[in-house]
Structure formats: C-alpha cells, structure tokens
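Keep the sequence at hand as you read.

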Amino acid sequence: MDTGGTAGRSRPAAERRQGRWGSAVAVRLYLYALVDPPTRRTLGPVGVGAPPAVVRVRPAGALGVVLSEVEGASVALEARDVLAHQEVLGRLLRTRTVLPFRFATLAADWPAVAALVDRIAPNCAGLVERLRGRVEVGLKVLWSRRAVRQEALQALGLHPAAGGAEVSVPRAEAIRAGQAVERIVQGWRDRYVPQILAALRPIAEDDREGGVLGATMLYNASFLVARDREPDFRAAVRALDDRWGDRLEFRYAADLPPYSFVDLRYGGEEEPQ
Amino acid sequence: MIEVGIDPVDLLLWPLALPVHGFTFILEQVRAAADRELYDPETLRRQLLELQMLYESGEVPEDAYRAAWAELGGRLAAAAAANVIGAEEED
C-alpha cells in the first residue's frame, strides 16, 4: 500500500509557515481518527483549538486520516477541546467506521502521518472489519437515593423526620447509618448487575466494564452492538428501566466512538490489536 | 458526645452521598489513579466526559462541576504537548 504516495499531491499546507515576523512557525497536525472508507471530505471549523480548526479527512491508502492543523510546536489543549474532539468523531460515525486516536495525538507533518498509517494499516484492517456496521453504546446505572434511604430506614428501624429538617444524632449512629447504606448498595450491585448483563449480553457482541465515578453509580459499561440491533438493545434497556425504575436509574448513550474497543496508539510497542 | 447536624436524608447516605456535594470526591478518585495517568490526555479526556455526564444528569452541582472541570482542564493543558509523531530532536 502506498500511503506515502498521496503526500506530494495537494499537500494541505506548508508544514512550516511564515510567521508574523518572518520567522518559520511550525504547523503540526492534530489526529482524530483513522476512518474507512477513506473518502476525502472537509468537515469545516469544528476541531480543537481556538478558534476551532478546520477538520478534514485525507486519504492515506485504504484508510482516511481525520486531522486538523495546529500552529506551534505543540498544542495547548483545553477541557473544551475534549468536546470538540468528541463532536468530530460523532459526525464521522454516522457514515464511516472510525478508529479513534488517543486524545492529543499530534504529528510533525503529513509524511510522518503517511508513514505511520502505512506501518499500522495491516493491523487496522482486522479492527475495521471487527467494527464495521457496529456501534459502541454506554450504559450507566445509578441507584435512587430515595429507594436506598427507604431500605436503610427499615434496616435501622428508624423513621424519617418530617420536613427534612436537620437533626442532631450521635456520631456513632451516623456511622452505623452510613455502613448500612454501603451494605445495601453492595447488595444491590451483587443482585442487579448479573441480571442486567444477562438481559443485554445476548444482544451485544462484546462488552467492557468501566469504573464507577461518583458515589451513586452502581454500574458502568460499554457494549459493542451491531448497528441494526441497536434498537433492540435500547428496548432491552428500556425494559430494565420499566422493571426497576423505582430504584435504579438507567443512563443510556448510543453512537459513541469505539474507544472501549480500540486503543490506537502510535508508539512502536503500542500498536492496535 | 460528638453530634453532627445534618439533613436526615444525607445522614442516611453518609458517608457515600455527602462527598458528591463537593468536588473533592471526584478529585480523590482521579488522584487514586496511577501517577503516570494523572497527566495522561486520554485518561483526562475520559474523566472530563464522565464529569460532563454526571453534571448533565444532576449528580454533580454546578459549582463542583466547574471546579473539577477547571482542575482537569488545567492538568490537560500541562500534559498536552507530550508526544508528536515524527518530531525531530530540535522540537
């Protein structure tokens, strides 16, 4: 595959550009993803940086490289760039198979990108096949404070104070209450998570458990689902919500970049699976 | 006797729920990650999106969200220059 062959034709911009004072200013390429098919396309000014950089898909052999330019030897990314990066991938997911790069991946110039793609393309081919026609969806399950509170009150033999006014209680009692809540939440996790997986795994092709963040999260996972089965998956989540909605909250997100199933790095020792 | 003044609902969720009202809980979880991950842009990307989700779903109040967002964003700004494909030594 001649990924380097495209480098000479319609080079997107000089890799070094004249600066305001006549000195050479380095232009780096910010890499979002590799995509299939590799059809050339301009997405407009929706990329990282301020103002947002123009994002383009540039073919490199069998794959397209999603990139934008950044001026300077490095890029000062900010929190909002995370959202821009996510938005770019989201737009491409609708029409292409997307292998996202790790966030904040830069290249010195186009020949370096072309050489990289040439080197990792054989490994990417299998990954593209595995992801083609599939979407990543995310499920987060949170427990309802109200339901846990009710169960804890019963366990402790307490009655709720009227009006939610503050009360003074011995510290030992507060600790005992906290421990009761912890036991209840762990019990719920042991009880519900296997049932959730039993309902969803038959519809998905793969899944990855993520860490829970925040005290009220019971479970967090990503699933790889065939695009035409996503409505079934969604319906199954809705059925779980109908069944346990009085105590659990289900947060579902579809059409996510497949980060949970791709780890696209560029170091010699860390290439895609 | 030591007593604590607190809303009964929070009392029952204590110590699980109370830290959610401050951003310290999130930051402590973030700090629990391996040191090398503290400034890893990919890890920060994931954490920022998680934080955004928790905020949008009402799990994290606005002031805590803003504080944690700024903290993670600051770390990202410090981290971002890390690796450049094909960079020469002069850079």
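Leaving aside its neighbours within four places in sequence, which residues is A:A33 in contact with? They are A:V66, A:L89, A:L92, A:V98, A:L99, A:P100 and A:F101, where contact means that C-beta atoms, placed from the backbone, lie within 7 Å. This is a predicted model, in which local features need pLDDT of at least 70, side-chain atom pairs count only at pLDDT 80 or more, and totals for chains, interfaces and linings use all residues. Residues are numbered from 1 along each chain as its sequence is written, while chains are lettered from A and ligands numbered from 1 in the order in which they are written.

A:A33 is also among the residues with the most contacts inside the largest nonpolar core, alongside A:L31, A:V66 and A:V113. That core has 58 residues; a nonpolar core is a set of buried Ala, Val, Leu, Ile, Met, Phe, Trp, Tyr and Cys residues joined through C-beta atoms within 7 Å, and buried means 20 or more other C-beta atoms within 10 Å of a residue's own. The elements giving it two or more residues include β2 (24-36) of chain A and α4 (41-56) of chain B (helices are DSSP runs of H or I, at least four residues, and strands of E, at least two, numbered from the N terminus). The most comes from α2(A), with 10 residues.

Now find the open sheet of chain A, four strands in the order β9-β10-β7-β11 with antiparallel pairing; strands pair if DSSP finds at least two bridges between them. Because β9 (206-209) and β11 (248-256) of chain A each have a single partner strand, one side of each is left without a neighbour in the sheet. Seven bridges join β7(A) to β11(A), and A:G138 has A:A253 as its bridge partner in β11(A).

Conventions. Buried ≥ 20, exposed ≤ 12 C-beta atoms within 10 Å, placed from the backbone. Contact = placed C-beta atoms within 7 Å.
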